[in-house]
Amino acid sequence: MSQVTKRALEASLKKLLLERPLDKITVTDIAEDCGINRMTFYYHFRDIYDLVEWACQEDARRILDGKRTYTTWQEGFRRILDGLIDNRPFILNVYRSVRREQVTHGLLMGVVEELDPRGEVREEDKAFLADFYKYAFVGLVLDWIRTGMKGEPAELARRVELVVSGSFAQALERLRADSAHQAGPFDQN
């Protein structure tokens, strides 16, 4: 029942976002649209922004299902862009209201983990690599959203693939070699 209620709250939020900006929507508005009381909302979420974050994470999880590997990350990235187009009013309204980043760390950690099957690279180095690419991808996506999502998602994904193709494996190999020689630059006091 909990997931059903969360999905109903998500649907009400997305419906209300078609009518007005996020900063003009209250918990009461969402609860009334959903047919529940405010306390039920707070049982599931701290505030509206918590609901927004959950909705984005759930959308990303559904979109990326099975597309978190080295050979499929490009399709996962394209699916994220397509998902943003499918939820355009929601995304643009949320972007204008809070300008929060989308979560891509899980997609990228799946790629990094696949490329280090024997666990030869330190976890903090793998997290650093995933974060590095996460910020690059998120920056590109936020810029794309800021400009009104002009351009085809497939073309943006293709261009990103041209730039980063092979770089995951090369960067991971350099981190593997570096960790064999010394502690990383962030480990020293």
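Author: Contact here means heavy atoms within 4.5 Å. By that test A8, L9, S12, L13, K15 and L16 in α1 meet D29, I30, D33 and C34 in α2. The model is predicted, local features need pLDDT of at least 70, side-chain atom pairs need 80 or more, and totals for chains, interfaces and linings use all residues. Numbering starts from 1 along each chain as its sequence is written, and side-chain values use heavy atoms, without hydrogens or water.

Reader: How many helices and strands does the chain have?

Author: Ten helices and zero strands. Helices are DSSP runs of H or I with at least four residues, strands runs of E with at least two, numbered from the N terminus. From the N terminus on, the order is α-α-α-α-α-α-α-α-α-α.

Reader: What makes α1 and α2 parallel or perpendicular?

Author: The angle. α1 packs against helix α2 (residues 27–34) at about 115°, with the axes 9 Å apart. Axes are fitted to C-alpha atoms over the stretch in contact, and angles run from 0 to 180 degrees between N-to-C directions. Under 35 degrees is roughly parallel, over 145 roughly antiparallel, 65 to 115 roughly perpendicular, the rest oblique. The pair is therefore roughly perpendicular. Their contact divides into six nonpolar, one polar and three charged residues.

Reader: Why is α5 called roughly parallel to α8?

Author: Helix α5 (residues 73–86) and helix α8 (residues 123–146) pack at about 25°, with axes 12 Å apart. That angle makes α5 roughly parallel to α8.

Reader: Which residues of α5 and α8 meet, and how do you know their class?

Author: W73, F77, L81, L84 and I85 in α5 meet F137, V141, W144 and I145 in α8. The contact of α5 with α8 has nine nonpolar, no polar and no charged residues. Ala, Val, Leu, Ile, Met, Phe, Trp, Tyr, Cys and Pro count as nonpolar, Asp, Glu, Lys and Arg as charged, the others, Gly among them, as polar.

Reader: How do you know whether E10 is buried or exposed?

Author: E10 lies in helix α1 (residues 2–17). Its relative accessible area is 6%, so E10 is buried (buried is under 20%, exposed over 50%, partly exposed in between, with a 1.4 Å probe and protein chains only). Leaving out residues up to four places away in sequence, E10 touches L51, W54, A55, D59 and R62.

Reader: Why is R61 called partly exposed?

Author: R61 sits in helix α4 (residues 48–64). Its relative accessibility is 41%, so R61 counts as partly exposed.

Reader: What share of the contacts joins residues at least 24 apart?

Author: 71%, among contacts in the chain between residues at least 6 apart in sequence.
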